[in-house]
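Subject: A structure for you to explore

Hi there,

Here is the structure I promised to pass on to you. Have a look around it first, and then read my notes below.

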Amino acid sequence: MQTIEQVVGQGIPLVLDDIDTDRIIPARYLRCVTFEGLGDHVFEDDRKQLAGHPFDNPAYRGANVLVVGRNFGCGSSREHAPQALMRWGIKAIVGESFAEIFFGNCVANGIPTVCVAPADAKALGAAVTANPAQPVTVDLLKRQVSCGAMTYPCSMQEGARQSLVTGNWDFLGQLVEAEPQTRQVADRLPYMKNFA
Amino acid sequence: MAQSNGTQNLFNRVWDEHTVRTLPSGQTQLFIGQHLIHEVTSPQAFQMLRDRGLKVRYPERTLATVDHIIPTLSQARPFADGLAEEMMSAIEKNCREFGITLLNLSDKRQGIVHVVGPELGITQPGITLACGDSHTSTHGAFGCIAFGIGTSQVADVLASQTMAMGRPKVRRVGVNGRLPAGVYAKDVILHVIRTLGVQGGVGYAYEFAGEVFERMSMEERMTVCNMSIEGGARCGYINPDQTTVEYLRGRPFAPQGAAFDKATKWWLGLASGPGAQFDDRVEIDGSAIEPTVTWGINPAQSVGVNESIPTAASFPTGEQAGIREALAFMDFKESQPIKGTKIDVAFIGSCTNSRMSDLREAARVAKGHKVAKNVRALVVPGSQQIREQAEKEGLNEIFTTAGFEWRGAGCSMCLAMNPDKLVGREICASSSNRNFKGRQGSPTGRTLLMSPAMVAAAAITGAVADVRELLK
């Protein structure tokens with residue numbers, strides 16, 4: 001699997017708290033058997049209700065680094081949410097904090113999802129708003145996010161960070177490999193034999 | 001296994017028992033004892049297996065049901081919604097091809113995935129359980145460790161019966177004291193979320209402990225654990241006790257006879273002992289909890305039914321923009337009482353509150369009354385078995401006489417992936433779990449979360465009411 005050490009791209013600011021995955025991709029678009037086409041509907045209802053939503057602002061067209069607030073991606077476990085963001089063009093997310101299932105879904109899709117201090121998330125959002133063309137760099141090796149002259153320390157759950165920088169974020173292959181050890185665990189759990 | 005828990009809490013004990021190995025990333029490869037799937041988050045996972053030529057490793061440890069897209073009126077196939085029909089065909093084909101048991105509409109055991117698992121005795125203490133749905137935390141009511149997962153992880157569990165995860169910390173959420181009359185499990189969990197915040201549980205598993213949970217029935221415990229995720233905790237659980245054991249006795253998938261006795265010993269031995277250590281502890285006074293209603297766009301934005309909607313200024317500066325956004329979306333004013341808020345729709349159902357005790361309490365409130373004019377009210381049982389039992393008890397008669405619609409089993413208007421939806425700016429009194437913008441099918445629709453008894457009270461009053469006044 002590809003190693004992901006750094007993402008460089010234009011930023012797009014959405015520095016609000018508690019954005020849930022129903023808002024990222026409304027449930028009616030979950031009526032599908034593939035993830036294709038979800039990028040067209042990302043934040044659809046928010047965009048209809050808020051004139052000038054960043055995802056409709058031409059200044060952010062082609063952006064790759066989403067800057068968010070606290071507890072981004074809360075609510076439903078739908079992997080359709082990071083899929084929709086990814087298919088719109090998002091390759092990394094920087095924010096104050098993330099809901100855990102969303103975070104795991106991002107990692108499974110190779111999207112670095114890093115935390116910065118609350119004030120830094122706001123400052124980064126403001127910097128991107130002031131100068132949308134200025135590239136944002138998310139560096140997982142240096143554990144920092146930079147934009148123009150500013151650099152912010154960032155963190156990511158260490159196991160998840162390691163899996164991206166070493167190219168081990170395809171868990172399926174690794175998990176299947178451990179078949180013998182898996183069987184040992186299954187054999188020692190009394191409920192696997194229905195307590196016979 | 002000996003009952004010597006010492007300082008280890010149930011979560012860490014079960015985690016250790018299920019650890020396969022440490023992955024190169026440092027995460028744990030965790031064995032998953034039971035996997036549940038449904039039609040919405042599984043089709044892409046099966047495709048991932050096909051793309052790699054993988055099989056389902058333990059097909060007998062995965063159970064499938066259909067719930068999210070199921071129409072609750074006409075269930076004739078093909079469904080009127082072609083996309084929903086396509087998803088039904090996909091899960092039928094996938095289960096056939098990979099050898100997984102599917103509780104289809106024609107199976108009397110069909111229902112909401114988090115209702116049928118416990119009902120059939122599949123959910124048991126000490127197991128690890130995963131499902132591609134965030135409300136998988138429900139199963140923690142049995143003292144099992146249950147995680148909501150995304151579709152890539154559904155593929156992981158199908159192919160390997162394991163998944164990769166970092167070990168969360170464990171917070172003991174103690175609620176003691178006696179709940180006032182008319183205060184339900186739903187009020188307790190809404191109050192906990194209001195107290196600890198929608199992000200308060202991020203990084204934690206919640207152990208719900210104390211007198212309030214000890215006194216609860218299994219159905220009430222499920223309501224509490226169900227909404228752990230709304231407090232940010234991916235997993236919530238309650239230690240197994242005699243209530244748990246008696247609930248499981250005789251259920252079709254539970255061990256039987258001597259095996260049940262053996263199981264009981266193992267189950268009870270897993271509970272966190274008095275010396276158990278936790279990464280954090282909080283204490284909440286149960287006697288101070290009121291019937292609780294949400295006023296905003298996340299489940300922490302709630303008040304007691306006799307309180308007023310808060311002012312933005314009463315929140316920390318950093319949170320005020322979010323509070324104003326919620327007030328504007330709901331079109332509510334600061335300091336306005338929540339009681340008396342007119343409603344358009346009443347919904348009793350969802351994996352949070354669609355079980356027998358929920359329907360019995362709602363029926364007790366509705367009995368002898370009529371649904372208010374201009375209110376559309378529906379009751380959607382959580383499973384076909386619940387629907388049948390409720391009909392045996394005559395609850396359907398009470399509901400329909402009062403003017404509620406009595407529907408087939410499914411997720412229905414909790415997330416409105418089926419035809420049951422709010423229209424325009426309607427306000428819904430709902431026994432479900434999420435009041436997010438647009439959650440109930442209309443992008444501008446509004447949701448007030450509350451207990452099923454409170455929903456019934458709102459339905460007959462036509463506005464948010466204190467159920468205790470109706471039960472006098």
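Predicted model: local features only at pLDDT ≥ 70, side-chain atom pairs only at ≥ 80, totals over all residues.

Before we get to the strands, one definition: two strands pair if DSSP finds at least two bridges between them.

**The parallel sheet of chain B**

The strands that hold those two residues are β3 (residues 34-37) and β4 (residues 62-65) of chain B, which pair in the parallel sense over three bridges. They belong to an open sheet of five strands with parallel pairing, in the order β5-β4-β3-β6-β7 (chain B). Why is one side of β5 and of β7 in chain B left without a neighbour in the sheet? Both β5 (101-103) and β7 (145-148) of chain B stand at the edges and have a single partner strand each, so one side of each has no neighbour there. On average, neighbouring strands of this sheet are turned by 20° against each other, direction ignored.

As background, strands of a sheet pair through backbone hydrogen bonds, and they can do so in a parallel or an antiparallel way.

**The antiparallel sheet of chain B**

Chain B also has an open sheet of three strands with antiparallel pairing, ordered β1-β2-β8. Its edge strands are β1 (19-22) and β8 (162-165) of chain B, each of which pairs on one side only. From one strand to the next, the twist averages 25°. Take β1(B) and β2 (residues 28-31) of chain B: three bridges join them in the antiparallel sense. Here B:Thr22 stands opposite B:Thr28 in β2(B).

**A walk through chain A**

Now to the other chain. Chain A has eight helices and seven strands, and its C-alpha trace spans about 65 × 40 × 25 Å along its principal axes. Of its 196 residues, 53% are buried. Looking at contacts in chain A between residues at least 6 apart in sequence, 72% join residues at least 24 apart.

Which residues of β3(A) point which way? A:Ala92 and A:Val94 point one way, A:Ile93 and A:Gly95 point the other way, and all are buried.

β3(A) pairs in the parallel sense with β2 (residues 65-68) of chain A, over three bridges. In this pairing, A:Ala92 is the bridge partner of A:Val65. Between β2(A) and β3(A) the chain passes through helix α3 (residues 80-88) of chain A, and this β-α-β crossover is right-handed.

β3(A) is also joined by three bridges to β4 (residues 113-115) of chain A, and the two run parallel. A:Val94 stands opposite A:Val114 in β4(A).

**Where the chains meet**

How many residues does each chain bring to the contact? There are 65 residues from chain B and 57 residues from chain A. On the side of chain B that touches chain A, several elements supply at least two residues each, among them β1, β2 and β8, the strands of the three-stranded sheet. The largest share of that side, seven residues, comes from α5(B). By type, the residues on this side of chain B divide into 29 nonpolar, 26 polar and ten charged.

Enjoy exploring!

Best wishes

Technical notes:
Residues numbered from 1 in each chain as written. Chains lettered and ligands numbered in written order. Helix = DSSP H or I, 4+ residues; strand = E, 2+ residues; numbered from the N terminus. Axes fitted to C-alpha atoms, helices over the stretch in contact; angles between N-to-C directions. Buried ≥ 20, exposed ≤ 12 C-beta atoms within 10 Å, placed from the backbone. Contact = placed C-beta atoms within 7 Å. Nonpolar A, V, L, I, M, F, W, Y, C, P; charged D, E, K, R; others polar. Right-handed = clockwise from strand over helix to strand, strands pointing away.
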